[in-house]
Amino acid sequence: MSGHGTPFFFAFPDSAAACAVARRLCADRPELDVIPHASGRPWIVGHWSAGELLVVRSPHLTVALIGTFGVTAADLARRVAPVREPTGLDRLGLELPGQFHLLAATDGAMRVQGTAYGTRRIAWTRIAGAVVAGDRAAELARFAGAGPDLTSVALRLLNPLPAPFADRAMWHGVRPVPPGHCLELREGLPPRQRRWHRPPEPVLGLAEAARDVRSTLTEAVALRTADSGLISADLSGGLDSTSLCFLAAGGPGNPKLIACTATGDESENDDGHWARLAAERLVDTEHFLAPASELPLFYSGAMNDGGRHDTPVGIVVSRDRVTHFIERMAERGSRLHLTGNGGDHLFLGSAVDYHALLPTRPLLTLAALRGYRTLFGWSRRAVAGALLDRRSYRRSFAALTTRSSGSLDPGRPSFGWLHDPVIASWFTLDCLERVEQALAEAAPTVEPLAATRGRHHDLAGIHAGTQEMRGLEEMGRLAGVPVANPYFDDRVVDAALGARPELRATPWAYKPLLVEAMRGIVPDRSLARRTKGDGSPEATLGLYRHREELAAVWEDSALARAGLVDPDALRRLCRTPGSPELAYNPLTSTLACEAWLRTA
């Protein structure tokens, strides 16, 4: 198939109205590829890389997979043959490894779905009376001529963003479908969003959960290494990237692997030391070392992203930094770059998990909280007060306000459903009024992502992480190498979330579930690491080094023209990066929204 840049597709139902819209698109953009319905009308229109699309036709259904998947045409046809309706495909999405969209069509009906946790998403809109679905909201908005929703932009300025607003449309008339839901279209009926996946209950012990993680993660990496050729991978020295490198080095296809490490001042960060220890044991692997002085600092090129993202993504503030190795690997001819992103989301856990465990496992909970108190310096009184908060999600959401600012200071324990958002001094009155109105409108019907606070935070973090990775994947394509994040495969996430909470959230051990899963694959000395690198010094230095560049952003600011931020306050603060006002403040989300609005 043809096309360059980031792949995307539109999906059209098999109707006369949708056919007219599809043919208009094809006339305007003749470079796009077309997969027809059984009737011959256009069904899927877009572009994708070779090997990223598979279509099979049975007597009852036409089914397409788009993305990374581990199935042949014959195997997919066998799985689809007994299914008579698109609604009968719920299990298929989780039976196959990888990250892919699933589309199905039959007479008068169509199903479009992304992944369970958001690595691949879908949205839809109406154009000339026809429903059009797609995997990229930005492309749908461009096709429909939709303008940005400034209230959605105002909400995205918040840090942290309350979970329900992560699925709010960024353009007028373009409706995102939440992760774990599919879009179903049937002739004569309005579009329907239906949940097809729920996370597993966290009931497995260490041995069983580790076995599942080991199996699914091995499978996820093997899928990426199955083809021969050169691949590259981050090797930061942390457990997540180290595990992927050892799995990749032993994967099928006999890939040539380049493991990429940035070295730095090891008196402050010992990542380089641990990366070198791991590299010594990696078979047939080149260790590509780059001194920290070669890496761009955070905030370098924050407004030079070059992409048009579906949502604001905070990773733009470190675009030059995160694509440095990808660009070097493009020069070497790498066909794919693996990252360990997602490992923290799955295996680090947090103390909030113990809020739900307190009534049923009080001794375990109190022991763990003593450890967290020591780790973070929490007072006994503060922890007790946080644990006594037993409000419902809806009551907690109704208490959110912009009239006072929350704090992201880790020295303050929080076991709530939500964190009070940080209200920055540069938010305008119009911005705050938009946020207050959105909070009031959502409050009567808002629902948590899960029944417990810990699982709610797990899912909110995973959904936010996969959204960021969509931004990274687009940056990788622009830099010359597709990026893969195997930890965020649905099957891997399910395996991790099936473990009991205390196996993922504990102050006594570092990622014990992943350590047990990788035993015998990763050398014991790497599994024994108990430290974690912190990029705070580089981020702080980046603020100082790029302060004039950041101040200049607000000379002609899209956010300021929209009336959402005070550009004078931002210029002043960016020129004084040591200001207490920037501590735990949402400068990253503000820069992300600025970069997004400039291209929206």
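Colleague: Which residues do ring pairs link into a cluster?

Modeller: Tyr 354, Tyr 372, Phe 376, Trp 378 and Phe 415 are linked that way. Rings of Phe, Tyr and Trp (its six-membered ring) pair if their centres lie within 6.5 Å; planes under 30 degrees apart count as stacked, over 60 as edge-to-face and the rest as tilted. Keep in mind that this is a predicted model, where local features need pLDDT of at least 70, side-chain atom pairs count only at pLDDT 80 or more, and totals for chains, interfaces and linings use all residues. Residues are numbered from 1 along each chain as its sequence is written, and side-chain values use heavy atoms, with hydrogens and water left out.

Colleague: How many aromatic pairs turn up in the whole structure?

Modeller: A search finds 14. Take Trp 171 and Trp 596: their ring centres are 5.0 Å apart and their planes are at 55°, so that pair is tilted. The two residues are 425 apart in the chain, with Trp 171 in the loop between α5 (150–156) and β10 (175–177) and Trp 596 in helix α26 (residues 587–599). Helices (H or I, at least four residues) and strands (E, at least two) are DSSP runs, numbered from the N terminus.

Colleague: Is Trp 171 buried or exposed?

Modeller: Buried, and Trp 596 is too. Buried means under 20% relative accessible area, exposed over 50%, and partly exposed in between (1.4 Å probe, protein chains only).

Colleague: OK, new topic: helix α16. Which of its residues are buried?

Modeller: Cys 431, Leu 432, Val 435, Ala 438, Leu 439 and Ala 442. They sit on the same side of α16, because they cover an arc of only 125° around the axis (taken from the directions from the helix axis to the C-beta atoms). An α-helix has 3.6 residues a turn, so residues three or four places apart point the same way.

Colleague: And what's exposed on the other side?

Modeller: Leu 429, Ala 440 and Glu 441. The buried residues of α16 pack against α5 and α15 (393–398), where contact means heavy atoms within 4.5 Å.

Colleague: Last one: what does strand β9 pair with?

Modeller: Strand β8 (residues 122–127) runs antiparallel to β9, with five bridges joining them. Strand β1 (residues 8–11) also pairs with β9 in the antiparallel sense, over two bridges. Two strands pair if DSSP finds at least two bridges between them.

Colleague: Which β9 residues are covered on each face?

Modeller: Ala 130, Val 132 and Gly 134 are buried on one side, and Val 131 and Ala 133 on the other.
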